[in-house]
Amino acid sequence: MDNDAKGTPGKITSNAGDVHGADVSHDLVDTVMEAAADAPDLDEDARLLLLSVFTNDDEMQAELTGTAPEPKTKAVSASTAAPVGAFLKSVTVTGFRGVGVQARLDLHPAPGVTVVAGRNGSGKSTFSEAVEVALTRTSYRWSNKKNAAWRAGWRNLHQADSCGIKVELAEQHAGLTTIGVDWTADSELDGGTFWTQRPGERRDTATDPLGWAAPLELYRPLLSYDELGGILEAGPSKLYDKLSTVLGLGPIADAVDQLDDMTKATAAPRREATKMVSQLLAGLDASQDARAAEAHKLLKARKRDLDAIAQLATGVSTAPADDLAALRALAALTVPPVDDVRALVEKCAQTRHALAELSGTAAEALVRRTALLNHALDHVAVTGAGPCPLCGVGTLDDAWAGEARDEVAQLKLQTEALEKADAAYQAALRQLRSILPIAPPALEADVDCDLPSKEQAADAWRAVRDVDVTTASGPQEYLDAYTTLAANVAELRQAAEAERQRREDLWAPLASSLAEVVGALRRADDADRRGVTVKAAASWLKEHANQLRNERLRPISDHAQQIWAELRQESNVDLGPIEVAGTNTRRRVELSAEVDGHETGALTVMSQGELHALALALFLPRATLPVSPFRFVVVDDPVQAMDPAKVDGLARVLERLGRTHQVVVFTHDNRLPEAIRCLGIDARILEVHRAEGSKVEVVNASDPAQRYLSDAHAVARDPGADAEVRRRIIPVLCRLAVENACRELFTARRYAHGIGRDDVEAAWDQARTTRQRVALVLHDDPAADLRPWIARGSRRNGAMQVIGRDSHHGLERDAVGAVGDVRLLVDDLRSEAK
């Protein structure tokens, strides 16, 4: 996909580059977020949610989704260390599989190719399987063999009591580390004691002290013959899983699963709320409470008023006019105390008595006489003195008027007392009448319950108000009726409160459930809003997951195609891009190919040898990724079913991988060592031989330094060789032999001390001459003075001259002797280095 496509909505781009420069572990988050940034159907919250999922930002997820993320199901052991880089230095086996007495396979712990050859049954594959068991604590063959007899035969027949494996590692930053497993005489295959030991430390039996458990799953640097066939035989989904794991694509699948879980989580509140509403509606239907009917109505509304429902549940809102409202009023009904009424009745009696004493006929005559005198005074004032107009007797003159006024004044005092007594009496009556108000509506309301005291109280209330208090017996009748009313009201209040409480007790569970439902509905509304964001992110990621995976897969696909191109040789099958497709049970790896220009599926057209070559093409890129902590790759019997052309291709592939990795290949097929020799590939070839009693021996069949010396010796002894060619080529071959031996000794020592590869290579590159490289091996200093060391050996000076001056100007001495001197020099260097 072209990078200029970036910017197109939903387009996924990558900076994968070519296979050698690509790092397929580049930030997956950047890949996803760059693609998401261009997606028009994702809002900012959806992009932030994707970011939180891929960065494990639990707080952001909780803020965006409103739910706490599920706890990680796979806990990381506290003893698990960060993975370290290492090369293989040796493998020692005792009593295991084809090895009886202890046998040791020494390896050069540095980049390069080592071929361990041996016939079937020689014990070579035992070393390969021993590495696998020590590292993984299991074996591919063990886990895939169903035959119990095969699994029971893991102990060597000739050494059954003592059984164990030791693998020495040149561990970066740590030095020489040994991992192993020991079996007691009676332990089963899976009952061994696995251990790890670093220099100066005790054996560590922790599960994963090197931190290699996860990398072994991701980059698995071990490939047995059984597993070689199993890569493709396992099926497209298994291959999909392996590639997804190694490419770091697991987070994409995990993110899809996580977003699916979030989608379910955001939908769960609505499902739960709906379930709660359904259950509550059934309870409300069965209730006779008017609030239940109101709640039912509110819950069934298309647009629910949650505030109104909450107020109904908590009792904050005013309940509708119904029995409960009447009961609440009746339970709170009170009348003034009887003692207050009694006091007013007594007051009425007292004021009435006082008035009675001033009332009667004399009092009325006094009032009339006062009125008559006032009229007569008015008459005199108008007409003047004269005889009385009523009786004609006597004269109404000023004297009379004066006497009349005195009498009126006296009479006025007497009438005022009478009026005051009457006013007091009337006031007492008014107080008595007003002490009991009009009956409250609740007393007249219809209440759907058996409440006889209500009618009694209503009748008593009316009876009290009907009493005529102006009669002589009226106040006492009022008191008697009121006393009955007070008793009825007290009884009614108690009965109403009991009925109200009974109804409240019946309503309380419904009110509690109603409050819970309101909370659930609010949570559901919030979850629905958040769910829109979650669904958008989940849908986008599902739609683009395989596109993202294939972008990440491209470097491995390119590398696999390159390896296939080298392995295919004369095959007419051209491997196309490797892509992943499908999801869940339909997930698969699609291996496309072309046969003579026609597209087809790779697996359907390949021979068995081609299938093995394809399996290698898929395995090697994964095992040699730069991010892998394993600096080694171990392959057992990859040559089977390959034709000679493909064997040559395999040798070239191994040579290229050996530039950056320690490549160890076990084979029973001599075609691979022969191809390496014929192609002039710099490799170590070891041979495994098995003697009687399962005694296994490893011999060096192709030391590069010895090979150069052998070639030099052959030229020196060849009578047909041109003299000038002999003079020029022999010193060069001798110099190459010494430099190869020096490099092997120097890098092995440095790697064994835990020094990183880049530092080792930099130190080697600083030593530019052969003399400096010899000094680097002997003194770890390219500038060290070699003269004392040279003087201690009788033939060292001659050898140094051959690899020094003579390699530039030509050999001036006996060729066979010169080669012999250099051979001794190489032996001395190896002896001194040890």
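This is a predicted model: local features need pLDDT of at least 70, side-chain atom pairs count only at pLDDT 80 or more; totals for chains, interfaces and linings use all residues.

Visitor: How does the chain get from β13 to β14?

Guide: It passes through helix α22 (residues 644-657). This β-α-β crossover is right-handed.

Visitor: Which strand is joined to β14 by 6 bridges?

Guide: Strand β3 (residues 112-117), and it too runs parallel to β14. Here valine 113 stands opposite valine 663.

Visitor: How many residues of β14 are buried?

Guide: Count those under 20% relative accessible area. In β14 (residues 662-667), 6 of 6 residues pass, and the strand is mostly covered.

Visitor: Which residues point which way from β14?

Guide: Gln662, Val664 and Phe666 point one way. Val663, Val665 and Thr667 point the other way. Both sets are buried.

Visitor: Now the largest nonpolar core. Which members touch the most others?

Guide: Trp212 and Leu672, in a core of 88 residues. Helix α21 (residues 608-623) gives the largest share of this core, 9 residues. A separate core holds 42 residues, among them Ala716, Val738, Ala767 and Ala815.

Visitor: What does leucine 672 touch, leaving out residues up to four places away in sequence?

Guide: Its contacts include Val665 and Thr667, both of which point the same way from β14. Leucine 672 also touches Val115, Val639, Val647, Leu650, Ala651 and Leu654.

Definitions and conventions
Residues are numbered from 1 along each chain as its sequence is written. Side-chain values use heavy atoms; hydrogens and water are left out. A nonpolar core is a set of buried Ala, Val, Leu, Ile, Met, Phe, Trp, Tyr and Cys residues joined through side-chain atoms within 4.5 Å. Buried means under 20% relative accessible area, exposed over 50%, partly exposed in between (1.4 Å probe, protein chains only). Helices (H or I, at least four residues) and strands (E, at least two) are DSSP runs, numbered from the N terminus. Contact means heavy atoms within 4.5 Å. Two strands pair if DSSP finds at least two bridges between them. A crossover is right-handed if, with the strands pointing away from the viewer, the path from the first strand over the helix to the second runs clockwise.
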